[in-house]
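This report describes selected features of the structure shown below.

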Amino acid sequence: MRIALQDRAARVSMPGVASMAVVGVAAAGALVLFQPRLVASRLWRATVTPLASIIGSGFLILAPILLRSFGAAAPYVMAGMCAVAYAIGAAIRTNIGKLGDDPAPAGLAAALDRSASWLLAVAYVITVTYYLNLFGAFSMSLTAYDDAVHGRMVTSVALILIGVLGWTRGFRGLEWAEELAVATKLSVIAGLLAGLACYVGALYPDRLAHALPGHLDQASIRVALGLLITVQGFETSRYLGGSYSAAERIRTMRLAQWISTFIYVTYIALCTYAFPVESIGTRETAVVEMTRVVSPVLPLLLVVAALSAQFSAAVADTNGCGGLLRSMSGGRISTRFAYVGLVAAGLAMTWATDIYHIISIASRAFALYYALQCALAAALHFRETGGRPAAAGYVLLAVGCLLAALFGLPAE
């Protein structure tokens, strides 16, 4: 039966309808996303920063990990993770709405917000460096210079480029680079989803009968807690007050989370029924090899998406870090100096540290940051209303984030 399925898959995907769908939809997506009217849209520009960070390196590693850990239950786990992320985003949107651009709320709120901000600043520096180290590794994987030294050299060039853009053109310069990378990434993702849909449709219902049964146990639940870090990034909207109003940031953060939820859940659902679990590798680049059976053009396109994902996520977090430090300092530290400081720290870590070990620290820092933001939302609600169900809900979210920090198995 397995041989018959493999033969049938080969007939479908090479060259087949799937390849035409991949190229056609990716091209159509590029035409839409690179339209001058969309690029110039203020709404889209404010959406791009959180969206770039949400759909970052996590997109590359989620499918292999979720399919191995949860089998046919993977789409439901993905939907649950996105729902939790949306709830945490609601807490941060509450804080944006109630605090606006005020960097120093009073009392307990001040302590919570300042502690959260310092945690996030540390996490941003680490994740930007991590994203660009992956960028360097993927770049060199296509060449004869596939080693750590050359990868770090590419990483260093990317860091310096981001620093130069940030210093010379400020926030808008980085935002422009971010828009270009996000448009490229989303175009490829659209092609990927179209190819997977054709592939799964051609195999239906045979593949449904061979999907790995869904399962949950203590280890897999800890994996899900650790994977919450892969859908983070929406918090960058919290620190863009120098360029966008509170209302704009609330609206565009919500939009970014809607778009990313649709992409993530659709992607995981299609992968669940497209790939037998025994064909799934364990390396971070496993998704590239997995999709080769769908279309011969997908591996190359996914490497392009991987590069744009890392770069756009790094730029998004750089922008977020710059806005965060400006807010924390009451405007005394400009975003330009913040960019330069982040790049300097990133270069030092790239050449002195194994980033794959310290990323677990960043994962926990993000979980703690979300816990503090949820606690801040609860405190603001309680202060203004004297207690309501929303405040209790935010307290429960804060506890959940603390559990993720303590017991989650970092996915990145």
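At what angle do helix α6 and helix α16 pack, and how far apart are their axes?

## Basis of the description

The model is predicted, with local features requiring pLDDT of at least 70 and side-chain atom pairs pLDDT 80 or more, while totals for chains, interfaces and linings use all residues. Residues are numbered from 1 along each chain as its sequence is written, and side-chain values use heavy atoms, leaving out hydrogens and water.

## Packing of α6 and α16

Helix α6 (residues 74–99) packs against helix α16 (residues 389–407) at about 120°, and their axes are 10 Å apart. The crossing of the two helices is left-handed (the near helix is turned anticlockwise from the far one by less than a right angle).

On α6 the contact (heavy atoms within 4.5 Å) is made by A87, I88, A90, A91 and T94, and on α16 by Y394, L397 and C401. These residues comprise seven nonpolar, one polar and no charged (Ala, Val, Leu, Ile, Met, Phe, Trp, Tyr, Cys and Pro count as nonpolar, Asp, Glu, Lys and Arg as charged, and the others, Gly among them, as polar).

## Residue A367

A367 belongs to helix α15 (residues 355–385). Its relative accessibility is 13%, so A367 counts as buried (under 20% relative accessible area, with a 1.4 Å probe and protein chains only). Leaving aside residues up to four places away in sequence, A367 touches C401, A404 and A405. The C-alpha atoms of A367 and A398 are separated by 9.1 Å, the two residues being 31 residues apart along the chain.

## Residue Q232

Q232 is located in the loop between α10 (218–227) and α11 (246–274). With 1% relative accessibility, Q232 counts as buried. Its contacts, not counting residues up to four places away in sequence, are S53, I54, Y131, D317, F366 and Y370.

Terms used:
Axes are lines fitted to C-alpha atoms, for helices over the stretch in contact, and angles run from 0 to 180 degrees between N-to-C directions. Helices (H or I, at least four residues) and strands (E, at least two) are DSSP runs, numbered from the N terminus. Buried means under 20% relative accessible area, exposed over 50%, partly exposed in between (1.4 Å probe, protein chains only).
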